[in-house]
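Please look over the sequence and the structure before reading on.

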Amino acid sequence: MHNIAVIIGITLMYSAPLIFTAMGGILSENTGVVNIGLEGMMTIGALIGATVGYYFGNPWIAFLSAGLAGMMLSLIHAVATINFSADHVVSGTAINLLGPGLAIFLSRIFFEGAAMTKPIPFENKMPQVFTGIFKKGTVLDIIFRQYATVYLAFIVVGVVWFVLYKTKLGLRIRSVGEHPEAAETLGINVYKIKYIGVLASGFLAGLGGACLSLAVVANYRETLVSGQGFIALAAVIFGNWKPQGAVVACLIFGAAQGLVVYLGMKGIAVSSNLLNMLPYVLTLLVLIIFVGEANGPSANGKPYERS
């Protein structure tokens with residue numbers, strides 16, 4: 001039971017960055033804008049979160065700054081795809097190239113030429129919730145003594161679900177993603193709704209990156225994100241562009257990473273290369289099995305020009 005609790009605890013920790021980023025992808029793609037640039041937005045968020053966290057010593061300011069950094073990068077994607085009708089995949093690919101490059105450039109400026117940030121002291125990382133509530137080392141302590149980012153991630157899932165399905169804004173988001181021309185005839189500002197979706201996706205992806213650099217580890221390095229944005233995008237597809245489905249996918253992918261960490265901790269004689277492949281192989285299998293059955297918003301990825 002203790003070993004299962006360890007795997008669950010690690011799964012939750014590694015799922016949080018994916019959940020934040022996947023929720024951002026859902027908001028963007030429900031407005032009809034494909035956002036494969038989530039990886040780049042996560043990367044710049046991770047760098048800014050670690051940098052602000054190191055220099056200011058306040059994890060909450062660092063966390064917010066990371067979200068804003070991701071949002072600023074997503075603004076480029078929004079302008080290109082919404083105002084200039086650029087191909088969404090090409091624009092997202094450019095963001096994925098720009099984000100890591102910009103992160104390394106800024107890291108060298110802020111940290112005397114180093115390609116990684118200096119470690120954040122443990123007390124300046126995101127706080128752990130329920131510390132001291134349960135007896136140390138017990139199953140409940142192992143499972144629930146998580147960084148605040150884990151609980152915030154699940155709150156964000158509830159917020160995104162509520163906004164999409166219980167508010168007027170959510171109805172407009174979904175109508176723009178399904179049929180923007182019809183939405184415009186009803187007086188909906190299609191460009192405005194698309195901007196809201198893309199900028200929100202950048203903000204949440206930036207928070208996802210900060211989960212990595214402020215909670216999972218204590219600094220930014222070049223290999224920190226390494227495909228997490230693409231895994232989150234796969235979770236969006238697996239979840240059929242719905243928050244409740246995407247969170248299940250994120251937990252599955254998080255469990256794969258948790259298993260890798262757990263087996264590494266136990267020193268089980270399995271090739272480290274094979275273990276590191278596990279989350280990505282699982283992602284590919286999920287896409288192969290489910291992508292044919294997935295039905296995204298009808299206007300997703302299609303350029304829209306205001307009539």
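Which residues does N300 touch, not counting residues up to four places away in sequence?

## Basis of the model

This is a predicted model, in which local features need pLDDT of at least 70 and side-chain atom pairs count only at pLDDT 80 or more, whereas totals for chains, interfaces and linings use all residues. Residues are numbered from 1 along each chain as its sequence is written, and side-chain values use heavy atoms, with hydrogens and water left out.

N300 touches E29, G32, V33, V34, G177 and W241, a contact being heavy atoms within 4.5 Å. The residue N300 is found in the segment after helix 12 and is buried, with a relative accessible area of 18%; buried here means under 20% relative accessible area, exposed over 50%, and partly exposed in between (1.4 Å probe, protein chains only). Helices are DSSP runs (H or I, at least four residues), numbered from the N terminus.

Helix 10 (residues 228-238) is largely enclosed by the rest of the structure, because 9 of its 11 residues are buried. Among them are Q228, G229, I231 and A232, and just after helix 10, N240 takes a positive phi of about 60°.

## Pockets

On a 1 Å grid over the protein atoms alone, a pocket is an open set of points with protein on both sides within 12 Å along at least five of seven lines, a cavity is a set where a 1.4 Å probe fits but cannot get out, and lining residues have an atom within 4 Å of a point. Grid points are joined across faces, edges and corners, and a volume is the space filled by probe spheres set on the points.

The largest pocket has a volume of about 370 Å³ and is lined by 15 residues, of which Y14, S226, Q228, Q257 and Y280 lie nearest its centre. Helix 9 (190-216), helix 11 (243-266) and helix 12 (272-290) each supply at least two residues of this lining, which divides into 9 nonpolar, 5 polar and 1 charged; Ala, Val, Leu, Ile, Met, Phe, Trp, Tyr, Cys and Pro count as nonpolar, Asp, Glu, Lys and Arg as charged, and the others, Gly among them, as polar. For the second largest pocket, the volume is about 180 Å³, and the largest share of the lining, 3 residues, comes from helix 1 (residues 2-29).

## The cavity

The largest cavity has a volume of about 40 Å³, and its lining consists of V33, T81, I82, H88, Y191, K194, K302, P303 and Y304.
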